[in-house]
Amino acid sequence: MDFKLCEKIITNMSRVIVGKYESLELLMVGMLADGHVLLEDVPGIGKTLIAKSLAKCIDGSFKRVQFTPDLLPSDITGFNVYNQQSCQFQFQPGPVMTNILLADEINRTIPRTQASLLESMEERQVTIDGQTLLLPTPFFVIATQNPIELEGTFPLPEAQLDRFLLKLRVGYPNRNEEIAILERFQEKDPLPELDAVTTPERFAELQQARKKIGVSDALRQYIADLVGATRRHDALRFGASPRGSLGLMRAGQALAGIRGRAYVLPDDIKHLAIPVLSHRLILKDAERLRGETPERFVEQILEETPLPAPME
C-alpha cells in the first residue's frame, strides 16, 4: 500500500494552512491510526480551517458542532421524528454521521453530552431507540478546548481524555508565517479551491494497511518500559493505561508509514510519546500546585529509558 498519499494530503493542506507541517503530520498520524485528536489552543489559530481542509482533501463529509451547555446527546447522535403523512418514525441523523467531525469547545457542554460523543468515538456506532447504526468510515473527530476561558466549562474526566489518541497544540505562527497568511488570504480564501487527492474508501484501505507496518519485539519492550515508568513515577498519581501503550504503537506505525517506512523506529516512539501519553497522566496534588506539567515528566522518562537498537 502506498502511504505517499498521506504526504500528498499534508502537502495539499499546506496550500491553506501556513507553516504548521509538524501539526498537520501529527493530525494525519491520528487519522491514519484510526484514532481521534484533541486540539487545545487559543481561539483564532485555524482549528476549523484545518478540519475543513482535511475533509476536502479526502473528499469526505464534514460537520461542525459548537458545544454549548444546552446541547443534548440527541443533538449529536440524531433522533427519530414521527412523520404524520407516512404514519411512521423517520430517523433524523445527527452531525456524528460524517467522516470528519469538528467538536468545537467540547468542554463547554454537560458531561452527559460529552459522554454520548465519546461513546460514538470508541464504538463507531450509535444506538437510538434500540436501533444500532454504524458511523461512516473513516470517522475522525477533532475536538477542541480553549485553555484560557475556563469559566462555565466542564473539564473532560481522565477516563474520557484517555479516548483521544493524541493531544496537540498548533501554536501561534512566527513572524514570517504571519506575513504569509496575510498574503495568502488578502484577496480570496484558498479553501474553496482545494482539490481532493483521495477518497474516504481509499483512506480506509490505508488505515487497514497501517496495521501491517512492522513493530519489533525490542520496540514493544521499549513501549512497555515507557508506559510502565509512568505508573511508577513518584510525581504521578496515575500513569498511562494499556490503551496508552496500544495508542503509542499504532501512532508509531502511522508515523512510519507517512515517512515512507514499513517498520517503526525507536525515534518514532520517542517523537510521539508526549502527544500520546501526557494527557493520560494524573499528577499528584503537590506537583500540580507547584505548576508542574505531565509533559515534563514524560520528557524525563524518555531521557531515563534506554533506547533499543534500531531495526536493520
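This briefing covers the pockets, nonpolar cores, salt bridges and backbone features of the structure above.

The model is predicted, so local features need pLDDT of at least 70 and side-chain atom pairs count only at pLDDT 80 or more, whereas totals for chains, interfaces and linings use all residues. Residues are numbered from 1 along each chain as its sequence is written, and side-chain values use heavy atoms, with hydrogens and water left out. Helices (H or I, at least four residues) and strands (E, at least two) are DSSP runs numbered from the N terminus. Buried means under 20% relative accessible area, exposed means over 50%, and partly exposed lies in between (1.4 Å probe, protein chains only).

**Pockets**

- A pocket is an open set of points on a 1 Å grid over the protein atoms alone, where a 1.4 Å probe fits, with protein on both sides within 12 Å along at least five of seven lines; lining residues have an atom within 4 Å of a point.
- Grid points are joined across faces, edges and corners, and a volume is the space filled by probe spheres set on the points.
- The largest pocket has a volume of about 810 Å³, and of the 26 residues that line this pocket, E40, Q145, L161, K167 and P294 are the closest to its centre.
- At least two lining residues of the largest pocket come from each of α6 (158-161), β11 (282-283), α12 (285-289) and α13 (294-304).
- The lining of the largest pocket divides into nine nonpolar, eight polar and nine charged residues, where Ala, Val, Leu, Ile, Met, Phe, Trp, Tyr, Cys and Pro count as nonpolar, Asp, Glu, Lys and Arg as charged, and the others, Gly among them, as polar.
- The second largest pocket holds about 340 Å³ of space, and of its 18 lining residues the closest to the centre are D34, G35, E122, R124 and R250.
- Both α5 (111-123) and α10 (242-258) supply at least two residues of the lining of the second largest pocket, with α10 giving the most, four residues.
- In the lining of the second largest pocket, five residues are nonpolar, three are polar and 10 are charged.

**Nonpolar cores and packing**

- A nonpolar core is a set of buried Ala, Val, Leu, Ile, Met, Phe, Trp, Tyr and Cys residues joined through side-chain atoms within 4.5 Å.
- The largest nonpolar core has 68 residues, of which L54 and F203 touch the most other members, and its largest share, seven residues, comes from α2.
- A second, separate core of 22 residues includes L38, M121, L135 and L156.
- Leaving aside neighbours within four places in sequence, F203 is in contact (heavy atoms within 4.5 Å) with C6, I9, M28, M31, L32, I58, P138 and T198.
- Helix α3 (residues 47-57) has K47, I50, A51, S53, L54, A55 and C57 buried, and these buried residues pack against α1 (4-13), α2 (21-32), β1 (37-40), β2 (62-66), β5 (100-104) and β8 (140-145).

**Salt bridges**

- With a salt bridge taken as a side-chain nitrogen of Lys or Arg within 4 Å of a carboxyl oxygen of Asp or Glu, the count comes to 17.
- K167 forms a salt bridge with E40, the closest N and O atoms being 3.6 Å apart; the pair links K167 in strand β9 (residues 166-168) to E40 in strand β1, 127 residues apart, and both residues are buried.
- R64 and D104 form a salt bridge whose closest N and O atoms are 2.7 Å apart; R64 lies in strand β2 and D104 in strand β5, so the pair ties together parts that are 40 residues apart in sequence.
- Within that pair, R64 is partly exposed at 41% relative accessibility, whereas D104 is buried, with a relative accessible area of 10%.
- R108 forms a salt bridge with E105, with the closest N and O atoms 3.0 Å apart, and R108 and E105 are both buried.
- Salt bridges that share partners join E40, K167, R169 and E295 into one network.

**Backbone and loops**

- Most residues other than glycine have a negative phi, and most peptide bonds are trans.
- A cis peptide bond, with omega about -5°, joins T137 and P138, and P138 has its place in the loop between β7 (131-134) and β8.
- D59, although not a glycine, has a positive phi of about 55° and lies in the loop between α3 and β2.
- C87 also has a positive phi, near 55°; C87 lies in the loop between β3 (78-83) and β4 (88-93) and is exposed, with a relative accessible area of 51%.
- S278, in the loop between α11 (266-277) and β11, is buried, with a relative accessible area of 4%.
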